[in-house]
Amino acid sequence: MSDERDTETPTPHRSGFVTFVGRPNVGKSTLTNALVGEKIAITSEKPQTTRRAIRGIVNRPDGQLVIVDTPGIHRPRTLLGERLNDLVGQVLGDVDVIGFCVPATEKVGPGDKRIAASLDGYPRAKKVAIVTKVDIAERDEITERLMEVDSLREDWAAVIPLSALTRVQLDVLADEVLSLMPEGPSLYEDDIVTDESTEDRIAEMIREAALEGVRDELPHSIAVVVDDISPREDSDLTDVHASIVVERDSQKAIIIGRKGARLRDVGATARAGIEELLGTRVFLGLHVKVAKEWQRDPKQLGRLGF
């Protein structure tokens, strides 16, 4: 007599790379952080906050997603802008899945259409459309956005509305993206959330604090370099010294503020995140330096890691 009991086939383990694209400030870094469950990419209301390809690792029972958070695609006005766009192009050529993000609160515009059309250049990657920020949109706005986005391409593997802030439909997105990944073992150890170095994460925390409340042109002019991290002898303190680099003396004055008040605020805000990251108390020494027009200077860009 044959045994007719169901032998359930185990779910295959999948792993691969996904990146989110879209205009600047559509919520890509917030979405990355929400999926990873930890802050690995800084967020700001200022566009083009992200300047590197930051990898965040999401472990699920049946696989692993490696999210590559990239700068927003924009029309570059400086050499830095060109390099950021080139970086996005490199990442898109290497990933398994591309998530195209549009905020529910804004109509699909020429920039969105241009980016959606440009995905033709990456035929290997599967494409998913994501309507972000549904927590602050009206229901009819969301419906309208889903229809607009759906009509941009015929090859969407899925169209998903979600909110990274309230985590609505976040699991739906993770499951969908994972199902599109190739079968294979995990690419990183289970306890790793990012391959960013400690220095890079600290530099980004300081830059995020420095971006708070600054005027339009200044955000693009701010770069941060960590000069030294060392545990203080006979103490539970860690000394962190970093330089905030700007392009002009007038910008240096803005960052420092009246009698140093603004720089103290930047230090206090950044220190809280750095202490959490390092697990110790931190003395944070910040210095503001001027590197004239560094965004346009290949040598300076190289020194600053771009």
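This note sets out points on the fold, helix contacts and selected residues of a predicted model.

1. Basis of the values. Local features were taken only where pLDDT is at least 70 and side-chain atom pairs only at pLDDT 80 or more, while totals for chains, interfaces and linings use all residues. Residues are numbered from 1 along each chain as its sequence is written, and side-chain values use heavy atoms, with hydrogens and water left out.

2. Overall composition. The protein has 10 helices and 9 strands; these are DSSP runs numbered from the N terminus, with helices being H or I of at least four residues and strands E of at least two. Of its 306 residues, 48% are buried; buried means under 20% relative accessible area, exposed over 50%, and partly exposed in between, with a 1.4 Å probe and protein chains only. Among contacts (heavy atoms within 4.5 Å) between residues at least 6 apart in sequence, 71% join residues at least 24 apart.

3. Helix 1. This helix (residues 28-36) is largely enclosed by the rest of the structure, because 8 of its 9 residues are buried. Among them are Lys28, Ser29, Thr32 and Asn33, together with Leu31 and Leu35. The cover over the buried residues includes strand 1 (14-21), strand 2 (54-60), strand 3 (63-69), strand 4, strand 5 (126-132) and helix 5 (170-179).

4. Helix 6 with helix 9. The axes of helix 6 (residues 198-211) and helix 9 (residues 261-278) come within 8 Å and cross at roughly 145°. Axes are lines fitted to C-alpha atoms, for helices over the stretch in contact, and angles run from 0 to 180 degrees between N-to-C directions. Residues of helix 6 including Arg201, Met205 and Ala209 meet residues of helix 9 including Val266, Ala270 and Ile274. By class, this contact has 10 nonpolar, 3 polar and 2 charged residues; Ala, Val, Leu, Ile, Met, Phe, Trp, Tyr, Cys and Pro count as nonpolar, Asp, Glu, Lys and Arg as charged, and the others, Gly among them, as polar.

5. Helix 8 with helix 9. The axes of helix 8 (residues 249-256) and helix 9 come within 5 Å, crossing at roughly 65°. Ile254, Ile255 and Ile256 of helix 8 make the contact with Ala261, Arg262 and Leu263 of helix 9. The contact comprises 5 nonpolar residues, no polar ones and 1 charged.

6. Aromatic pair. The whole structure contains 1 aromatic pair, for which ring centres of Phe, Tyr or Trp (its six-membered ring) must lie within 6.5 Å; planes under 30 degrees apart count as stacked, over 60 as edge-to-face and the rest as tilted. The rings of Phe100 and Trp156 have centres 5.7 Å apart and planes at 15°, so the pair is stacked. Phe100 lies in strand 4 (residues 97-103) and Trp156 in strand 6 (residues 156-161), 56 residues apart. Both Phe100 and Trp156 are buried.

7. Ser243. This residue belongs to strand 8 (residues 237-246) and is buried, with a relative accessible area of 2%. Its side chain forms polar contacts with those of Asp227 at 2.7 Å and Lys289 at 3.4 Å. A polar contact is a pair of N or O atoms within 3.5 Å; within protein, one must be able to donate a hydrogen and the other to accept it, and residues adjacent in sequence count only if both atoms are side-chain atoms.
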